[in-house]
Amino acid sequence: MSTDDIVLPIIDLSGYLAPKCPEDREQVITQVRDASRQYGFFQVRGHGVPLSLQQDLLRSMNNLFNLPKEEKLKMSFLENPCRRGDEAAGMSLREGDPLPDAKECFYVAREDPIVEFSGFYGPNVWPNLLEDDFRSPVWSYYEQTSQLGKTIWLILLQGLGQPPALVENFAKRPIVPMKMIRYPPQSATLSGQFGIGAHTDFGGVTVLLQQPGKDGLEVWHEGREEWIHVPALEDVYVINCGDMIQRWSGGAYKSARHRVINKADGERLSCATFWHGDIHATNPLNPDDPNRETIGQLLVKRFRNQYSMTKESIAQVGVA
Ligand SMILES: O=C(O)CCC(=O)C(=O)O
Ligand SMILES: [Fe+2]
């Protein structure tokens with residue numbers, strides 16, 4: 001069952017990005033803090049990512065996903081040392097779910113010339129498409145949503161009374177994977193199969209674009225024990241906090257469970273930019289936290305079974 005009577009707040013970020021008076025910023029900081037406390041999720045407009053770029057991204061995603069299967073297989077993320085590239089439909093099975101997700105995905109992340117730290121840094125793979133049909137718009141979009149992710153971190157820090165300067169160390173060489181997703185029509189999925197099954201996001205801030213008009217995202221509301229339906233609105237981003245933020249904020253900010261059941265007639269596209277932080281960074285939400293666990297260590301713990309990591313590369317990240 002999902003409910004339509006709770007609406008996730010829509011926060012206008014222009015009050016933070018281009019304040020007319022100091023109170024404008026304070027107001028956004030308070031709104032973001034309250035929503036992250038209550039839901040772990042909120043929506044934003046006035047975010048600074050041009051609508052035309054969002055549209056270019058969606059077009060580029062169609063160009064990619066419409067390539068022949070064999071072409072996509074050549075870019076399989078399973079063969080890539082940095083887990084960049086293509087994840088075919090039906091590859092992702094969460095513990096406890098009877099069936100794998102119906103979605104297919106393509107991953108890009110920050111571009112570094114050599115593979116380092118178990119592949120958390122390294123080069124991307126790009127499909128054989130004209131520059132303007134994929135790489136160029138996707139990269140501009142990546143950069144813009146990375147910037148937005150960093151801004152949200154900044155607001156979250158300030159919401160807990162931390163100085164904004166803390167974000168700089170945290171953002172030195174941020175790990176920011178981006179996942180482009182295509183969901184098949186619900187009629188093409190098996191009974192009991194989700195677009196993406198219920199999960200929390202692992203890390204920091206997620207900046208999610210839903211293809212306008214293609215509803216499907218639902219967020220779990222603990223108090224009501226109901227799924228909140230999040231409509232796919234044009235030029236509105238969905239933002240949520242991952243497990244790392246919940247842990248580092250001492251539970252002040254929630255990492256809420258969510259899932260996708262494609263409610264659109266046809267396919268549905270979405271794109272998630274996951275802004276984690278520098279691999280060596282520790283808790284910026286509470287610099288006095290006695291636990292000095294780094295982002296790299298948390299990432300290894302979570303993904304060591306999925307990535308093919310050698311002992312040496314794990315040691316590099318600083319995990320025994
Ligand atoms: O496609 C969506 O709306 C949500 C995707 C998501 O939750 C994820 O990729 O972690
Ligand atoms: Fe998610």
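This is a predicted model: local features need pLDDT of at least 70, side-chain atom pairs count only at pLDDT 80 or more; totals for chains, interfaces and linings use all residues.
**Strand β12 and its two partners**
- Both faces of β12 are covered, with Y237, I239 and C241 buried on one side and V238 and N240 buried on the other.
- Strand β3 (residues 41-45) runs antiparallel to β12, and four bridges join them.
- Within that pairing, F42 stands opposite I239 of β12.
- β9 is also antiparallel to β12, again through four bridges.
- Here V207 has I239 in β12 as its bridge partner.

**The sheet as a whole**
- β12 belongs to an open sheet of eight strands, ordered β2-β3-β12-β9-β14-β7-β5-β4, and the pairing is mixed.
- The edges are held by β2 (10-12) and β4 (85-87), each with a single partner strand, so one side of each has no neighbour in the sheet.
- On average, neighbouring strands of this sheet are turned by 25° against each other, direction ignored.
- Elsewhere in this order, strand β7 (residues 178-183) and strand β14 (residues 268-275) run antiparallel and are joined by six bridges.
- In that pair, R182 stands opposite L269 of β14.
- As a reminder, strands of a sheet pair through backbone hydrogen bonds, either parallel or antiparallel.

**The iron ion (ligand 2)**
- Which residues coordinate the iron ion (ligand 2)? They are H199 (NE2), D201 (OD) and H258 (NE2), at 2.1 to 2.2 Å.
- Along the chain, these donors follow the spacing H-x1-D-x56-H.
- D201 sits in the loop between β8 (196-199) and β9 (205-210), while H258 is in strand β13 (residues 258-260), so the pair ties together parts that are 57 residues apart in sequence.
- D201 and H258 are both buried.

**Ligand 1**
- There are 13 residues around ligand 1, of which K179, Y183, H199, R268 and S270 come nearest.
- A polar side-chain atom of S270 is 2.6 Å from an oxygen atom of ligand 1.
- For R268, a polar side-chain atom lies 3.0 Å from an oxygen atom of ligand 1.
- H258, one of the residues coordinating the iron ion, has a polar side-chain atom 3.1 Å from an oxygen atom of ligand 1.
- Ligand 1 has 290 Å² of accessible area on its own, and the protein covers 97% of it.

Note on methods
Residues are numbered from 1 along each chain as its sequence is written. Chains are lettered from A and ligands numbered from 1 in the order in which they are written. Side-chain values use heavy atoms; hydrogens and water are left out. Donors are N, O and S atoms within 2.8 Å of the metal (3.2 Å for Na, K and Ca); water is not among the atoms, so sites may look incomplete. Helices (H or I, at least four residues) and strands (E, at least two) are DSSP runs, numbered from the N terminus. Buried means under 20% relative accessible area, exposed over 50%, partly exposed in between (1.4 Å probe, protein chains only). Two strands pair if DSSP finds at least two bridges between them. A residue is near a molecule or strand if one of its heavy atoms lies within 4 Å of it. A polar contact is a pair of N or O atoms within 3.5 Å; within protein, one must be able to donate a hydrogen and the other to accept it, and residues adjacent in sequence count only if both atoms are side-chain atoms. Accessible areas come from the Shrake-Rupley method with a 1.4 Å probe; for residues, only the protein chains shown count as cover. Axes are lines fitted to C-alpha atoms, for helices over the stretch in contact, and angles run from 0 to 180 degrees between N-to-C directions.
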